[in-house]
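Hello,

Here is the structure we spoke about, for you to look through. My notes follow it.

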Amino acid sequence: MHSLSLHPSWLERLRPELDSPYMAALDAFLTAEEARGSALFPPREDRFRALELTPLDQVRVVILGQDPYHGPGQAHGLAFSVRPGVKVPPSLRNIYKEMQADLGFAPPAHGFLEHWARQGVLLLNSVMTVESGRAASHRDKGWERFTDAVIQLVAAKQEPVAFLLWGSYAQKKAAFVRGIAQGGHHLVLTAPHPSPLSAHGGWFGSGHFSKANAFLEAHGRKPVDWRLPALG
């Protein structure tokens, strides 16, 4: 599993999950898939990248994806992000369009989102692996239970966190998070998924980036610098 790549703040609290029978079964499934020649994304060393770059105590924003991109060279362990040099996928292009409308700066030429992750934006896919060319091929293998535990740890934080839930899948996944409207202390923002299939139904104009920063600043937390630097 290469789970030791998790930041210690996650590793300590997720140890019961990582040592559980369901995660052992998941690891056995992934190992068997690789043994029969299946190409799995992201590669093993990147599967926990979101939990490596974004320590639990630094999480300020949560953005949930479904499962990784299933094209070669795309996925590297962060939801919506692709490796440098890879064409920006359609959903991410729409994220950039809304970010430009909301915050006023031009979209970057790349889709590499590590700059966000290193600032406390947890870019978490509900299912953390996929077989090449087969979207959703690793659903219901155990990842959902593990990532539920991750979200529960964030929801239990005393510091306020902004949850940006795009599409019905993410909204159901984090339905237990208590936002301000439910008497909690987190901000829960919902919008349609930024996919070209749904973005015009309310994704554009949602203003989630500025709303998240306004919430963080109002609670004494540092806002996120959403502007992505050019890659060298």
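Which residues form one aromatic cluster? They are Phe80, Trp116, Trp166, Trp203, Phe209 and Trp226.

Some background comes before the details. This is a predicted model, in which local features need pLDDT of at least 70 and side-chain atom pairs count only at pLDDT 80 or more, while totals for chains, interfaces and linings use all residues. Residues are numbered from 1 along each chain as its sequence is written, and side-chain values use heavy atoms, with hydrogens and water left out.

The whole structure holds 10 aromatic pairs (rings of Phe, Tyr and Trp, the latter by its six-membered ring, with centres within 6.5 Å; planes under 30 degrees apart are stacked, over 60 edge-to-face, the rest tilted). In one of them, Trp116 and Phe209 have ring centres 6.4 Å apart and planes at 50 degrees, so the pair is tilted. Trp116 belongs to helix α5 (residues 114-117) and Phe209 to helix α8 (residues 208-218), so this contact ties together parts 93 residues apart in sequence. Helices (H or I, at least four residues) and strands (E, at least two) are DSSP runs, numbered from the N terminus.

Phe209 also pairs with Trp166: the centres are 6.1 Å apart and the planes at 65 degrees, so this pair is edge-to-face. Trp166 lies in strand β5 (residues 162-166), so here the parts tied together are 43 residues apart in sequence.

Trp166 and Phe209 are both buried (under 20% relative accessible area; exposed is over 50%, partly exposed in between, with a 1.4 Å probe and protein chains only). Trp116, at 1% relative accessibility, is buried, and the value for Phe209 is 0%.

Regards
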